[in-house]
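Trainee: Could you take me closely through one part of this model, and then follow the side-chain pairings elsewhere in the chain?

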Amino acid sequence: QIQIKKDEKIINYFKATRINPFFKREGELVVGAEHVYFIDDQKTPQKKTKYADMTAKNLTWSCDEIRQIHKRRYLLKNNAMEIFLTNGRTYLLAFEQVRERDQAYDELLALPLPNRIASQQLQPDAADAASKRWKSGQMSNFEYLMHLNTLAGRSFNDLTQYPVFPWGLAD
C-alpha cells in the first residue's frame, strides 16, 4: 500500500505502464507538488509463484531525486518517457497516447527539480560536446558510449532498445 505524503497537493495522474526487461506493470503515475508516485495496479496473488515476485511495486520519488527526464519510444510508438534518478536508477513509463505522455512530461518538468540536468536530446551539439570530452580524455569509453546510447533513446529497461556496445578492434 502506497502512502501519499500528508498535505501533498496532487497535480494530476495518468494511466501508465512501468516497463522493465522482466515485466510490465500497469498502474498510475501520480504527479504531486513535492513527490511523484507510481501506484502499481498489480493484485497480490494468494500464493507466490517461483517465477516472479507478483506483489505490488509502488514507487515514490521526491522532486530532488529526479535528475533527468527523457521522452522515449516503446513498441515503435513515441509514447514513453524515462526518469533518471540521482541514485542511478531509471524507470521507463509507457502511456496509451502520445498526448498523455507529453502532458505528464510537461507537468514533471514544471515541478521544482533542483537536481535536474537539462535534456541533452534538445541540444543539437550534445553529441559533438561529448565527442570532444571523450577525445580529450575527460570521459571514459564506457561513459561516452552510455552518453551516445542515451542520446539515441536506448534504455536498459527495454530489451528492444537495449544499449549498444561495439567491439573495439586494434592492430
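Mentor: Let us start with phenylalanine 165, which has its place in the segment after α3, helices (H or I, at least four residues) and strands (E, at least two) being DSSP runs numbered from the N terminus. The model is a predicted one, in which local features need pLDDT of at least 70 and side-chain atom pairs count only at pLDDT 80 or more, while totals for chains, interfaces and linings use all residues. Residues are numbered from 1 along each chain as its sequence is written, and side-chain values use heavy atoms, with hydrogens and water left out.

With a relative accessible area of 35%, phenylalanine 165 is partly exposed, where buried means under 20%, exposed over 50% and partly exposed in between (1.4 Å probe, protein chains only). Together with Phe142, Phe156 and Tyr162, Phe165 makes a nonpolar surface patch of about 390 Å². Such patches are made of residues with over 30% relative accessible area and no salt bridge, nonpolar side chains (Val, Leu, Ile, Met, Phe, Trp, Tyr) being joined within 5 Å and like charges within 9 Å; the areas come from the Shrake-Rupley method with a 1.4 Å probe.

Helix α3 spans 141–151, and the buried residues of α2 pack against α3. Those buried residues are Ala126, Ala130 and Ser131. Viewed down the axis of α2, they fall within an arc of 135 degrees, so they line one face of the helix, the arc being that of the directions from the helix axis to the C-beta atoms. On the face of α2 turned away from this buried side are the exposed residues Asp128, Lys132 and Lys135. Just after α2, glycine 137 takes a positive phi of about 85 degrees.

Alanine 127 also belongs to α2, which covers residues 126–135, and with a relative accessible area of 34% alanine 127 is partly exposed. If its neighbours within four places in sequence are set aside, alanine 127 is in contact (heavy atoms within 4.5 Å) with Leu148 and Leu151. The C-alpha atoms of alanine 127 and alanine 152 are separated by 9.8 Å, these two residues being 25 residues apart along the chain.

We can now turn to the charged pairs. Side chains of opposite charge can pair when their charged atoms come close. Taking a salt bridge as a side-chain nitrogen of Lys or Arg within 4 Å of a carboxyl oxygen of Asp or Glu, the count comes to 5 salt bridges. One of them joins lysine 15 to aspartate 41, with the closest N and O atoms 2.8 Å apart. This pair links distant parts of the chain, 26 residues apart, since lysine 15 sits in strand β1 (residues 10–19) and aspartate 41 in the loop between β3 (35–40) and β4 (59–62). Lysine 15 counts as partly exposed at 43% relative accessibility, and aspartate 41 is likewise partly exposed, with a relative accessible area of 30%.

Glutamate 82 forms a salt bridge with arginine 72, in which the closest N and O atoms are 3.0 Å apart. Glutamate 82 lies in strand β6 (residues 77–85) and arginine 72 in strand β5 (residues 66–74), so the pair ties together parts that are 10 residues apart in sequence. Both glutamate 82 and arginine 72 are buried.

The side chains of arginine 101 and aspartate 102 also meet in a salt bridge, at 2.8 Å from N to O. Arginine 101 is buried, with a relative accessible area of 1%, whereas aspartate 102 counts as partly exposed at 23% relative accessibility. Lys71, Arg101 and Asp102 are linked in a network of salt bridges.

A search of the whole structure finds 3 aromatic pairs, the rings of Phe, Tyr and Trp (its six-membered ring) being paired if their centres lie within 6.5 Å, with planes under 30 degrees apart counted as stacked, over 60 as edge-to-face and the rest as tilted. Phenylalanine 14 and phenylalanine 95 form an edge-to-face pair, 6.4 Å centre to centre with 85 degrees between the planes. That pair links distant parts of the chain, 81 residues apart: phenylalanine 14 is in strand β1, and phenylalanine 95 is in the loop between β7 (90–94) and α1 (98–109). Phenylalanine 14 is buried, with a relative accessible area of 6%, and phenylalanine 95 counts as buried at 3%.
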